[in-house]
Amino acid sequence: MTTAPSTPGRDDRDLTVGDVGEFGLIGRVAPHEHSERVVVGPGDDCAYVAVASGRVLISTDVLVEGRHFRRDWAEAYDIGRRAAAANLSDVMAMGGVATALTVGFAAPADLPAQWAEDLTRGIVDEAALVGAEVVGGDVTAADGVVVSITVVGECDQEPVLRSGARVGDVVAVAGRLGWAGAGLHVLGRGFRSPRVLVEAYRRPEPPYEEGPRGAREGATAMIDVSDGLLADLGHVAEESGVGIDLDAGAFAIPEPIADVAAATNAEPLGFLLTGGDDHTLAATFPAERGAPQGWTVIGRVVEGDGVTVDGAAWAGPTGYEHYR
């Protein structure tokens, strides 16, 4: 990664994005080494990426300071990891593998340039977990920090959609549930422990390999859990024209979540059912085949509509809502 020339008499660590300017900032954060599939990287009007399968997956996520992250709750590097994970998991949920990302970045002129560099390093490192690369983007001025990432991916088979769940299918999940939500709950009350939950919020661990594996194992529908299990499975139910009933007894409550629930008088199962940002993978599989090893069956697809728990509607919010 190249850097812009230093300003005489100034330590690079003290420079702001206003000091280095638009193109100086791009020079600092844009990677200049790529694999062979990146034909043209940053510096032209578009990146040019070769996609072998011919099936292209594209998704965009926007993170806004004060709404999706706070700089006093997480370091820039971790925010970058979170931002990238939100996009990479969308490709995973279609049964694909991400290959390239572009990053839109807006920030006040007095933001330290090092913060932007650390953010980018987090994005690059998270993308590297699946072999994806940052191939371009844009920067501009704004009153607060905004990070917008677009991911491009591909899949070897037809992508798995939200609309394929069938009555009788089992519902299963891969990955952690409720950890990030419980971490956010703790941070919102001014605490920094249990540390394991706070770190889960700061840096999620999506089960990236399970998306393609779930597709190979016959998943009929898949979605990544970003807003809450009940809310996101609600999208599967709606798109598939079915109901989904979850078995409360199928959920094991991790000890750190149980401790936070007890300390804050919260419903422990609520963290698992409504907490987002873990980017757990939820999918439906034919009953005769069942879920792959390592997945946890948590319910079934039934006739009807919406999502229920033990046959009844969940009392209270079902997950994060962006305009509330």
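**Sheets, helices and loops of the predicted model**

In this predicted model, 4 strands form an open sheet with mixed pairing, in the order β3-β6-β4-β5. The edge strands of this sheet are β3 (56-64) and β5 (133-141), each of which pairs on one side only. From one strand to the next, the twist averages 15°. Strands here are DSSP runs of E of at least two residues, helices are DSSP runs of H or I of at least four residues, and both are numbered from the N terminus. Two strands are said to pair if DSSP finds at least two bridges between them. Strands of a sheet pair through backbone hydrogen bonds, either parallel or antiparallel.

Local features need pLDDT of at least 70, side-chain atom pairs count only at pLDDT 80 or more, and totals for chains, interfaces and linings use all residues. Residues are numbered from 1 along each chain as its sequence is written, and side-chain values use heavy atoms, with hydrogens and water left out.

F105 has V139 in β5 as its bridge partner. Two helices lie across strands of this sheet. Helix α2 (residues 76-92) lies across β3, β4 and β6 (146-154) and runs at about 30° to β6. Helix α3 (residues 113-128) lies across β4, β5 and β6 and runs at about 165° to β4. Such angles run from 0 to 180 degrees between N-to-C directions, and the axes are lines fitted to C-alpha atoms, for helices over the stretch in contact. Contact means heavy atoms within 4.5 Å.

A further open sheet is made of 6 strands in the order β8-β10-β7-β11-β9-β12, again with mixed pairing. Its edge strands are β8 (221-225) and β12, each pairing on one side only. The twist in this sheet averages 25° from one strand to the next. Strand β7 (residues 170-174) pairs with strand β11 (residues 296-302) in the antiparallel sense over 4 bridges. V171 has G299 in β11 as its bridge partner. Helix α7 (residues 229-240) lies across β7, β8, β9 (243-246), β10, β11 and β12, and runs at about 155° to β8.

The side chains of T308 and D245 are joined by a polar contact of 2.6 Å. A polar contact is a pair of N or O atoms within 3.5 Å; within protein, one must be able to donate a hydrogen and the other to accept it, and residues adjacent in sequence count only if both atoms are side-chain atoms. When neighbours within four places in sequence are left aside, T308 is in contact with I244, D245, L246 and A313.

Helix α8 (residues 255-264) has P256, I257, V260 and A261 as its buried residues. Seen down the axis of α8, these buried residues fall within an arc of 135°, so they line one face of the helix. The arc is taken from the directions from the helix axis to the C-beta atoms. Buried means under 20% relative accessible area, exposed means over 50%, and partly exposed lies in between (1.4 Å probe, protein chains only). The face of α8 turned away from its buried side carries the exposed residues E255, A262 and A263. Among the elements that cover the buried residues of α8 are α4 (179-188), α5 (195-202) and α9 (268-274).

N265 follows α8 and is placed in the loop between α8 and α9. Although N265 is not a glycine, its phi is positive, at about 60°. N265 is exposed, with a relative accessible area of 75%. D277, in the loop between α9 and β10 (280-285), is likewise not a glycine and has a positive phi of about 75°. D277 is partly exposed, with a relative accessible area of 22%. In the loop between α4 and α5 lies P194, which is joined to S193 by a cis peptide bond with an omega of about 5°.

Taken as a whole, the protein has 9 helices and 12 strands. Buried residues make up 49% of its 324 residues. Of the contacts with a separation of 6 or more, 85% are between residues 24 or more positions apart. The accessible surface comes to about 15000 Å², and 50% of it belongs to carbon and sulfur atoms. Accessible areas come from the Shrake-Rupley method with a 1.4 Å probe; for residues, only the protein chains shown count as cover.
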